[in-house]
Amino acid sequence: MNLEIIGITVLWSFLFGYIVIGAIDFGAGFFNAYSLLTGKERILTKVIQRYLSPVWEVTNVFLVFFFVGIIGFFPKTAFYYGTTLLVPVSIGVILFAIRGSYYAFETYGSRGHKGYSFMYGLAGLLLPASLSIVLTISEGGFIEMVDGHPVLDYWVLFTSPLTWSIVVLSISATLYISAVFLTWYANKAGDVSATDLLRKYGLIWSLPTIITAGGIIFELRRHNFEHYSNIQTFWLLFLISFLMFIGTVWLLWKRRNYGWAFGLLAGQFAFAFFGYGASHYPYLLYPHLTLYDSFTNPAMAISLIIVFILGLCLLIPSLVLLLRLFLFNKDYVRGKDNFHV
Amino acid sequence: MGNEEAVFYSRVLTELTLSFHIIYATIGVGVPLMIMIAQWVGIRKNDEHYILLARRWARGFVITVAVGVVTGTAIGLQLSLLWPNFMELAGNVIALPLFMETFAFFFEAIFLGIYLYTWDRFENQKKHLLLLVPVAIGASFSAVFITMVNAFMNAPQGFDIVNGELVNINPIIAMFNPAMPTKVAHVVITAYMTAAFVLAAIAAFRLLKGSNHIYHKKALYLTMKLGFVFSIATALIGDFSGKYLAEYQPEKLAAAEWHFETQENAPLVLLGVLSDGEVKYALEIPFGLSMLAHNNPKAEVIGLDQFPADEIPPLYIHYLFNIMVFIGMWMAILSALYWFGINRGWKRVSSRWFRWLIVLGGPLSIIAIEAGWWLAEVGRQPWILRHIMRVEDAATTSGQVDLMLMLFALLYLILGIGSIVVLSRMFRKNPVEQELEDRHMEKGGDLH
């Protein structure tokens, strides 16, 4: 295993972490807003806020970690992606800012403020869509080199079915992941009506998720044949992912083992995400940029890896403490104690 | 949009984001320490008022930290979006402290979540206070690591450029560059100082607006005392910064001080106006600049005559320097007067007009922070990386920067107004008298 692979594996894992816990977070914000709109807030709001409150800031860090890390390990990405992504990422940042601050405004400032809840619910739903554009662009075909500078062709981007399938996938996967997780969480909290409602949402959003995910592989055949054929070589990973998906839906349907259902869901996304990542190898941006020609110098790479290991020694115990106090603490989950500042 | 325009708009957008972010970032670095001190004093003196002070500050802090986090993410991404050529180079050489910053931020975020949701959960208050320590450390170290990157832009080292290629890269030497010690110390200490004076302004404001509760008086005394200590530390570090500049970035010092000709016995020029290259109406402190630069009234100080015209920063930074220094001095004097006054029993420091001066000190401190950062950034012009890369060569070639500038301006307006509205509503709805009363009722002491 060389340094390039170590670097991208670390970053890809953190991106995966962000996608899962970010999806839980954004989906929860959306369900919360939706429940206010449909008058179901009594059922959902309590359980959602109980989960979200102590962890929201941690979620953000995963994203920061990813984009700081990628500049560190692969500095050339700053040139290619930095120049071309000005508009999509700026829009993402604006949504991210609204989502984060209005969440805090509502939670700590004015509990139950409807305007704030809608703001962050909606911003959170659009955020995955705007960030998913980055993955679309990485497939190539949207960037031209003009006078040595990369330029994004918006017309081609926004008329491509691939773009829109990835947008739909990002939104439905967000809602699916979030609903399944919250079903488990509500069940642990002993909240029957919330569990039922969230289970229903989970089942509803499972279908568009799997259909668009399959559709994207199909569309890649036309858009980027090289990547498409690479995906074929990893068919086993995608098969396992699909079987896990079936497992989650089956457990939800049978109303049992919600913890396992979420575990399988995490597995489903992990296999698909790492399968996708591995088949993307060695390109960071088709066909302009590979892992190898964008990689940093060995001195920087080694120091980053050392810092990463030291950092993990600090982080893992802290994260465990956080999870033990809130996620895996029965009294907290059931709302028996409330020690909010 | 031509590329000159892209450079211009990129600069404006970066300035806007930094100017907005720095308000929340400064509070974010300074306030956790204040909360920690208040809670510690409360535990030691067994005084409920200080504990409640910590608790109420923590509540307000969450709002500012949220805006700080999202705007910090914005500037983090904007560095790559607006200055891709710079970040490509920076990624190769100075990525290490940037990466460390994410860990400091991670650490802070985790423990902030725990701290906020474990009030009264522990029998022993000290355990709860212990959870705040990583928050304060994480916040301060975020500032340390980010400032290291900024210091690198002023005094780049730890690499060589041979035929346009970066070679001999040493990330540790890049981190510990000559600008680092003074810059890091200055940023961190002024954040503490500003946080103390902003909190003092709030306490003074409550006292002026009708509440005469001892709670606010305790808050005011504590924060003014802390503010005084940090303002003295700031003055000392400011002096070291002058010596650093004289040694490593003489053009920045010379431009900030309007020191045109290299000379011995250099005076320190304050205020004044420039007309036809002549300084008029200025206050001059004889030997002042020589003292600031070299601790020796006779020392020679390099003037702007030693630099090519296209490598001299804009001369208006002189005023930024003056604003920063005057406010810093003024706050040191004000807080010293207050501290001595209270201890000596002077009536005047508790008068209405004196309290209004303290209220004014809050916004003034923020202005000093802004002036300081503008001085630091504009004073490095025309370079983004001193003597290595010019700002215009670092900017994006993208054509939509102006549009993004408008969107972000709107965003900051919304966030700025939103955070002020939420904060003022939060504390107005739950005044301290009410909360103290509620807490006594809860404890079940006097149920009539």
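Predicted model: local features only at pLDDT ≥ 70, side-chain atom pairs only at ≥ 80, totals over all residues.
Figure 1. Chain B contains 15 helices and 8 strands. Its radius of gyration is 24 Å, close to the 22 Å that the globule rule gives for 448 residues, so chain B is as compact as a globular protein of that length. Along the principal axes, the C-alpha atoms of chain B fill a box of roughly 85 × 45 × 40 Å.

**Figure 2. Chain A as a whole.** Chain A has 15 helices and 4 strands. A compact globule with 341 residues would have a radius of gyration near 20 Å, and chain A agrees, with 20 Å. The box filled by its C-alpha atoms is roughly 60 × 40 × 40 Å, again taken along the principal axes.

**Figure 3. The contact between chain A and chain B.** Chain A gives 57 residues to this contact, and chain B gives 60 residues. On the chain A side, four helices each supply at least two residues: H3 (56-73), H4 (76-84), H5 (86-109) and H14 (298-327). The chain A residues that touch chain B divide into 36 nonpolar, 18 polar and 3 charged.

**Figure 4. Helix H9 of chain A and its bend.** Helix H9 of chain A runs over residues 192-223 and has 32 residues. From its first C-alpha to its last, H9(A) reaches 46 Å, close to the 46 Å expected at 1.5 Å a residue.

**Figure 5. Two packed helices in chain A, H2 and H8.** Helix H2 covers residues 41-52, and helix H8 covers residues 161-188. Their axes lie 10 Å apart. The packing angle is about 100°. Angles of 65 to 115 degrees count as roughly perpendicular, so H2(A) and H8(A) are roughly perpendicular to each other. H2(A) makes the contact with A:Val47, A:Ile48 and A:Tyr51. H8(A) brings A:Leu182, A:Tyr185 and A:Ala186. The residues of this contact comprise 6 nonpolar, no polar and no charged.

**Figure 6. A cis peptide bond in chain A, between A:Tyr286 and A:Pro287.** Most peptide bonds are trans. The bond joining A:Tyr286 and A:Pro287 is cis, with omega about -20°. A:Pro287 sits in the loop between strand S3 (283-285) and strand S4 (289-290) of chain A.

**Figure 7. A cis peptide bond in chain B, from B:Gln381 to B:Pro382.** Omega is near 5° for this bond. Where is B:Pro382? B:Pro382 lies in the loop between helix H12 (352-378) and strand S7 (383-385) of chain B.

**Figure 8. A positive phi at B:Asn46.** Most residues other than glycine have a negative phi. B:Asn46 is not a glycine, yet its phi is positive, about 50°. B:Asn46 is found in the loop between helix H1 (3-45) and helix H2 (48-82) of chain B.

Key:
Residues numbered from 1 in each chain as written. Chains lettered and ligands numbered in written order. Contact = placed C-beta atoms within 7 Å. Nonpolar A, V, L, I, M, F, W, Y, C, P; charged D, E, K, R; others polar. Expected span 1.5 Å × (residues − 1). Bend = angle between axes of the 7 residues up to and from the residue. Axes fitted to C-alpha atoms, helices over the stretch in contact; angles between N-to-C directions. Parallel < 35°, antiparallel > 145°, perpendicular 65-115°, else oblique. Rg over C-alpha atoms; globule rule 2.2 N^0.38 Å.
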